[in-house]
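Please keep the sequence and the 3D view open while reading.

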Amino acid sequence: MVACGRAALCVLLLFSLTLMCVTAGKILIWPEEFSHWLNIKIIIDELIARGHNVTIVTQSATPSIKTDQSPGYNVKIIQVPHSKTDVVDTFNRLFKYWMYDTPNTNTIQRFLKLTELIDLMMEQNKVLCRNLFTHKDLLEKWRMEKFDVLLTDPVIVCGELLAQKLNLPFVHTLSFSYGNVMERLCGQMPAPPSYVPAAGLGYTDNMDFLQRVKNILFIFFIDIASGLLAMVKWNHVFTDVMGKPTTRCESMSKADIWLIRTYWDFEYPRPLLPNFKFVGGLHCKPAKPLPKDMEEFVQSSGDDGIVVFSLGSMIKNLTKERANTIASALGQIPQKVLWRYTGEKPETLAPNTRLYDWIPQNDLLGHPKTKAFITHGGSNGIYEAIYHGVPMVGLPLFSDQPDNINHMTTKGAAVMLDFNKMDSKNLKQALDDVINNPSYKESMMRLSRIHHDQPMKPLDQAVYWIEYVMRNKGAKHLRVEAHNLTWYQYHCLDVAAFLLSIIALVVFVLLKICRWFFRKCFKRTPKKSKEE
């Protein structure tokens with residue numbers, strides 16, 4: 001009896017090991033930098049924990065990926081002529097201009113300057129892309145390795161092109177892009193402008209007539225601008241690499257799955273396609289204990305609690321005037337404040353506020369004494385606040401941040417301030433409202449319940465769909481036929497033209513018949529002559 005039990009146990013163990021060998025796969029990663037890397041790193045760690053072999057392709061100038069320390073994954077470095085300092089400096093120049101200078105420049109100047117700075121980033125990306133495809137031996141080696149899937153962040157261009165060259169199914173991971181251009185134009189995701197607001201306008205899904213007019217015009221402008229940008233900057237690169245006329249959008253559209261880093265706790269209701277999957281908050285997790293000295297400071301707040309303040313990993317410094325304005329406001333509230341800030345110590349810094357080069361943001365937001373979160377509105381921080389149910393004061397700085405905070409404001413979970421125009425009184429009042437008005441906490445707790453009430457955790461869902469693509473050698477059966485239609489077929493303009501032609505023909509024939517009958521029935525009889 002014992003022998004039979006041992007035999008059964010051995011068979012079960014052997015079956016488990018065999019199953020692991022069958023399901024374990026080889027995954028190629030094309031990641032973006034900074035906060036985007038933090039999101040994809042969470043997925044990478046989980047894939048490795050599940051036994052998959054992961055290879056990351058990155059540039060020699062990467063400021064985010066530790067190429068000398070790669071626990072659990074392989075790193076392939078593509079050499080580029082620019083340095084890590086160049087990449088960081090370009091981002092910093094863009095952020096600094098966006099934060100401080102855009103409010104004081106007219107629309108044309110702002111557009112030209114932002115175009116110049118974004119163009120620098122694109123040139124760095126283009127160099128990386130071209131250098132990648134000069135490594136013919138490396139590409140052939142990867143073909144021989146027979147990867148199962150490629151995971152890419154399309155914010156940095158070329159991952160979709162690499163997947164095509166290696167004939168691999170691939171998965172996008174991204175937040176909704178500015179204006180939802182990638183999703184709408186390349187992913188064919190429906191976005192009726194009557195109730196789906198474009199990112200950047202600050203509208204909700206309940207728009208009045210004038211807002212709908214502006215929404216449609218804005219979307220039209222964004223689509224035209226994006227199309228021209230892709231045509232001028234990228235389409236010739238894709239054509240050169242593929243050896244045939246190819247556009248960037250056409251390449252992106254071949255993605256098997258789109259992992260979108262939001263969820264219905266954040267988004268307004270809208271239609272989705274079968275290959276679009278929400279995985280917002282995949283990086284969130286229960287809070288861990290704080291470092292001893294930090295915990296002591298937090299506990300010293302008593303019943304008043306604490307406020308957590310961070311403007312993200314990219315903002316290292318503020319102007320002296322802005323830093324003093326913020327510090328003065330923080331010094332007027334009864335809560336203790338933990339502020340992630342590496343700039344010069346503000347002159348108005350009060351004893352209730354401590355500066356840190358780095359803070360365990362997730363663990364602080366999950367602490368029972370946390371009353372509010374001051375944030376720039378990055379999607380990572382917003383989802384940690386939703387996960388732990390902490391209301392926010394938003395100080396959006398650039399990119400999608402104003403739109404992110406606006407979403408939380410309309411849902412009653414945040415107060416938004418203008419970073420450049422606010423004074424100490426404004427910030428103090430916003431904190432008082434968020435902390436002392438229970439409606440903000442109640443609204444955020446409602447969003448938190450929505451976030452947690454899912455059949456599968458966001459990280460598990462992200463990994464499931466990546467493995468799904470691996471198991472099925474792609475997911476083309478989830479891609480809509482809209483990808484194979486022209487724009488006039490998609491909008492049924494050819495059908496409309498055909499039906500209108502039929503109607504016009506019928507009307508024409510009827511008019512001819514009526515005219516014939518009219519002539520027959522009302523034809524005048526000639527008058528008889530006098531002789532007759």
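**The six-stranded sheet**

Six strands make up an open sheet with parallel pairing, arranged in the order S10-S9-S8-S11-S12-S13. The model is a predicted one, and the points below are grouped by topic.

- At the edges of this sheet lie strand S10 (353-356) and strand S13 (414-416), each of which pairs on one side only.
- On average, and with direction ignored, neighbouring strands of this sheet are turned by 15 degrees against each other.
- Strand S11 (residues 370-375) pairs with strand S12 (residues 392-394) in the parallel sense over three bridges, and Ile374 stands opposite Val393 in S12.
- Helix H12 (residues 320-330) packs on the sheet, where it touches strand S8 (306-310), strand S9 (336-340), S10 and S11, and the direction of H12 makes about 155 degrees with that of S9.

**The seven-stranded sheet**

- Seven strands, in the order S3-S2-S1-S4-S5-S6-S7, form an open sheet in which the pairing is parallel.
- The edge strands, each pairing on one side only, are strand S3 (73-78) and strand S7 (276-278).
- From one strand to the next, the twist of this sheet averages 20 degrees.
- Three bridges join strand S4 (residues 149-152) and strand S5 (residues 170-174) in the parallel sense, with Leu151 standing opposite Val171 in S5.
- Helix H2 (residues 34-49) packs on this sheet and touches strand S1 (26-30), strand S2 (53-59), S3, S4 and S5, its direction making about 155 degrees with that of S2.
- Helix H18 (residues 458-471) also packs on the sheet, touching S1, S4, S5, strand S6 (257-260) and S7, and the direction of H18 makes about 170 degrees with that of S6.

**The contact of H14 with H17**

- The axes of helix H14 (residues 379-388) and H17 come within 7 Å and cross at roughly 95 degrees.
- Because a crossing angle of 65 to 115 degrees counts as roughly perpendicular, H14 is roughly perpendicular to H17.
- On the H14 side the contact is made by Tyr383, Ala385, Ile386 and Tyr387, which meet Met444, Leu447, Ser448, His451 and His452 in H17.
- The residues of the contact of H14 with H17 comprise six nonpolar, three polar and no charged.

**The second largest pocket**

- The second largest pocket has a volume of about 260 Å³.
- This pocket is lined by 15 residues, of which Gly281, Cys284, Tyr387, Lys457 and Pro458 are the closest to its centre.
- Helix H17 (438-452) and H18 are the elements that give two or more residues to the lining of the second largest pocket, and H18 supplies the largest share, three residues.

- The structure holds five cavities of 30 Å³ or more, and the second largest cavity has a volume of about 60 Å³.
- Lining the second largest cavity are Ser310, Leu311, Gly312, Ser313, Ile315, Lys316, Arg340, Thr342 and Asp357.
- The lining of the second largest cavity divides into two nonpolar, four polar and three charged residues.

Notes
Residues are numbered from 1 along each chain as its sequence is written. This is a predicted model: local features need pLDDT of at least 70, side-chain atom pairs count only at pLDDT 80 or more; totals for chains, interfaces and linings use all residues. Side-chain values use heavy atoms; hydrogens and water are left out. Two strands pair if DSSP finds at least two bridges between them. Helices (H or I, at least four residues) and strands (E, at least two) are DSSP runs, numbered from the N terminus. Axes are lines fitted to C-alpha atoms, for helices over the stretch in contact, and angles run from 0 to 180 degrees between N-to-C directions. Contact means heavy atoms within 4.5 Å. On a 1 Å grid over the protein atoms alone, a cavity is a set of points where a 1.4 Å probe fits but cannot get out, and a pocket is an open set with protein on both sides within 12 Å along at least five of seven lines; lining residues have an atom within 4 Å of a point. Grid points are joined across faces, edges and corners, and a volume is the space filled by probe spheres set on the points. Angles under 35 degrees count as roughly parallel, over 145 as roughly antiparallel, 65 to 115 as roughly perpendicular and the rest as oblique. Ala, Val, Leu, Ile, Met, Phe, Trp, Tyr, Cys and Pro count as nonpolar, Asp, Glu, Lys and Arg as charged, and the others, Gly among them, as polar.
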